[in-house]
Amino acid sequence: MKLGHPALLTYEGASQKGTLQVTVTRIEKGSRTDLKGLSGLSKDQLKATPYYVRSVIKNVGTTDLSHAFIEPPTGLLKDGTEAGKLIVIGGFGTCDSPAKAKTDHFRPGASYEYCAPVLAHPGTTVTGAVWTGQGYADFPPSRGVSWLP
């Protein structure tokens, strides 16, 4: 899909199944200096360039998906592989999106914006985004979708 175009996707997890409209609105290239305030990063991670995958996720089905764990779209490298995910515990002002807080009340018609920070190692760039499903290994993921410029 083109960046900015919505995709209808199936969410299935725990006891909930619903329909999401997922739109990757933009991908922003950050700076390595954005990572300076984060602790626990490896030397390789500190050499990487952060990118910010911004999306809007809307519950367009009839199921109340409150408290659902919905994985956001993540970065896609030029070679078609997924970019490294950057998991931040606490605040990250450049790309601050605590998912749990967003889905505490996720009834039909509700939506929220999400920013997923990812890392591209030297010599690679994030050129798109991908959504393959949710984070539960026990449940079948959606077919997924990719967004490219």
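Where is histidine 67 found? Histidine 67 lies in the loop between β3 and β4 (74-77), where helices (H or I, at least four residues) and strands (E, at least two) are DSSP runs numbered from the N terminus. This is a predicted model, in which local features need pLDDT of at least 70, side-chain atom pairs count only at pLDDT 80 or more, and totals for chains, interfaces and linings use all residues. Residues are numbered from 1 along each chain as its sequence is written, and side-chain values use heavy atoms, with hydrogens and water left out.

**Sheet**
- An open sheet is formed by 5 strands in the order β1-β2-β3-β6-β5, with antiparallel pairing, and two strands pair if DSSP finds at least two bridges between them.
- Because β1 (7-13) and β5 (84-85) stand at the edges, each with a single partner strand, one side of each is left without a neighbour in the sheet.
- Strand β2 (residues 16-29) pairs with strand β3 (residues 49-59) in the antiparallel sense over 9 bridges, and valine 22 has isoleucine 57 in β3 as its bridge partner.

**Exposure of histidine 67**
- Histidine 67 counts as exposed because its relative accessibility is 51%, given that buried means under 20% relative accessible area, exposed over 50% and partly exposed in between (1.4 Å probe, protein chains only).
- The phi of histidine 67 is near 70°, a positive value in a residue other than glycine.
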